[in-house]
Amino acid sequence: MTVPDHEADVLRASVAGSTTSGPPGTHADERPPEDEQRLHLFAYLQAPEHRTYLVIMRLFTSTLLADLSAEEVAGALAVAERDGRVAPGESAVDTVIDRLRQLVRWGNLVVGRRETIASSIAEFQHGSLRYQVSKLAVRVQRDVDALLRVPEGAREVSRELLPAIERGVTRIRDLLAEAPDDAPARRTREQLAEQVTTVFLQHAELAATVRDFYAYLGQVVTRHQLAPDEISGFRNLLVEYIQMVVEDVLRHTEAIAAALAVLARERARLLRLLGPADDLGTDVERARGRTAADWQELTDWFVDSPGRPSQVAALREATARAIGALLASVKRATSGGGLVPGRRGELLKLAGWFDAADQRQAHRLYSAAFGLHSARHLQPAPDYDSDNDDVAWSDGPVQEVTVSVRSRGDRGARGRTSRMLDDPMTEETLLAEAREADQQRSAAVSELAAAGARLSEAELSPDALSVLCELLTLAMAQRESDEDAGSALDPVHRLRVTIRPEPGTSTSVRGASGTLTLQDAVLDVAGDSAVPEVAG
């Protein structure tokens, strides 16, 4: 039958009212903040029926513009139910409707409609209500599937992208030099957009592989004990592979940094040539490389700045720490103290026996290995009064094994606790030096604050000039280009130094060791010139 329009509207309103009220436990007028509401997109991954939700979300994200009804979703779930991928009964239409409504509450799906001819109200309700996946839910499911496919081993670093990035930023620099300022050709703008998109995609892939590889490296080198074959494998990994990665990064960084320095001066013109996405409206997520923040992030990856080391410097530091950790592991394994290679292999062998044993054999193994009889679990009794008989030992809490147990098989403490030495004379000497240093800095700040606007007329003491240079360095680090102003504040003495660009003006500051001259810039120093009292 064909349901009248007014009855169809009532049905759609009732379903929409039950599916747009937000997460469970909230009312329509108590919606969570936007960031918290977005976190509900991950709720289906921890729900008891997460296997059903995963099948549903993969169904919606497997094709473009998916528009499915509850009956169509139930048909797909029936196949998964026969294969054992979901629990029995999950393919029932009523159950599927509940799952779809819950996904709508979390924000993963949105409700649509389609005109349909049905023989009953229930059939109309099931057939006319259509569901589509939201934009953010597609990203969540895409990341979930990618995470489930990631192997446990190391990820190869995409070193081959470094020369490609170098050629890309050099090509962008050349295209900017060739493009006229007034009206560049359409072909030039298209080539520029193509190069910018390619460079940022290549850099995103390179940065992701570097982060994943060093995350795996940090996971393995911090282990206290390594087997001899593992030590040999990690030695080759660190000495050969990481050396190639670091050498490639350092070889191409200089040329990339030089090209990025030129692009930093032409950044405003570059962004203007790329142009806004007028056809998509104002609220649009643009491709990488179309904002100043994207270019600053790319520059910070390769170029150091005051107080903000680059990722290249962090890569060198992480490599040095990894090699040091490996050397420490080799020293522990080859030292004369303790058993070599320790009890780790024996514990892993025992764990393998437990994994392959049934319940009776596991009890016998536990009694033989640990001397604790008539026990249900591999962990001592908990602090609370419960035997926790509903949880299998393999699913229960993990018991930490200390280093002494792994290496020596006992819990006895080694060595002795060193005494705390009380040296009042050294303590007083250090306190006196700290008070003297604070007084000198307070006097220098007071001198700068007193000079104020007449800074160029005064001759500063060495301490005052040192404080001025320190704050001036921090202020200049806040500038993105020569046309920007920068400011730095001493939070203790409340002295602020500001540098402003002003073409044709030079500022000179005289001191006992020489004269500091700033071209095309004005220096402002503001403070209350009060010297804080020193306690004691």
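Close-up 1. A helix here is a DSSP run of H or I with at least four residues, a strand is a run of E with at least two, and both are numbered from the N terminus. The expected span of a helix is 1.5 Å times one less than its number of residues. This is a predicted model, so local features need pLDDT of at least 70, side-chain atom pairs count only at pLDDT 80 or more, and totals for chains, interfaces and linings use all residues. Residues are numbered from 1 along each chain as its sequence is written, and side-chain values use heavy atoms, with hydrogens and water left out. Helix α5 covers residues 93-106, 14 residues in total, and its first and last C-alpha lie 20 Å apart, close to the 20 Å expected at 1.5 Å a residue. Buried means under 20% relative accessible area, exposed means over 50%, and partly exposed is in between (1.4 Å probe, protein chains only). In α5, 10 of the 14 residues are buried, so the helix is largely enclosed by the rest of the structure. Among them are T95, I97, R99, R101 and W106. Just after the helix comes G107, with a positive phi of about 95°.

**Close-up 2. Helix α4 and its buried face.** Take a look at α4, residues 70-82: its 13 residues reach 18 Å from first C-alpha to last, close to the 18 Å expected at 1.5 Å a residue. Which residues of α4 are buried? They are A70, V73, A74, L77 and A80. Seen down the axis of α4, these buried residues fall within an arc of 115°, so they line one face of the helix (the arc is that of the directions from the helix axis to the C-beta atoms). E71 also sits in α4, but it is partly exposed, at 42% relative accessible area. From E71 to I97 is 26 residues in sequence and 8.8 Å in space, C-alpha to C-alpha. Just after α4, G84 has a positive phi of about 85°.

**Close-up 3. Aromatic rings that pair up.** Rings of Phe, Tyr and Trp (its six-membered ring) pair if their centres lie within 6.5 Å; planes under 30 degrees apart count as stacked, over 60 as edge-to-face and the rest as tilted. The whole structure holds four aromatic pairs. One of them is Y53 with W106, edge-to-face at 5.4 Å centre to centre and 70° between the planes. Y53 is in helix α3 (residues 50-61) and W106 in helix α5, so the pair ties together parts that are 53 residues apart in sequence. Both Y53 and W106 are buried. For F213 and Y214, the ring centres are 5.5 Å apart and the planes at 85°, so this pair is edge-to-face too. F213 and Y214 are both buried.

**Close-up 4. Two residues with a positive phi.** Most residues other than glycine have a negative phi. R494 is not a glycine, yet its phi is positive, at about 60°. You'll find R494 in the loop between β4 (486-490) and β5 (495-511). With a relative accessible area of 48%, R494 is partly exposed. D520 isn't a glycine either, and its phi is positive, near 55°. D520 is in strand β6 (residues 514-526), and at 41% relative accessibility it counts as partly exposed.
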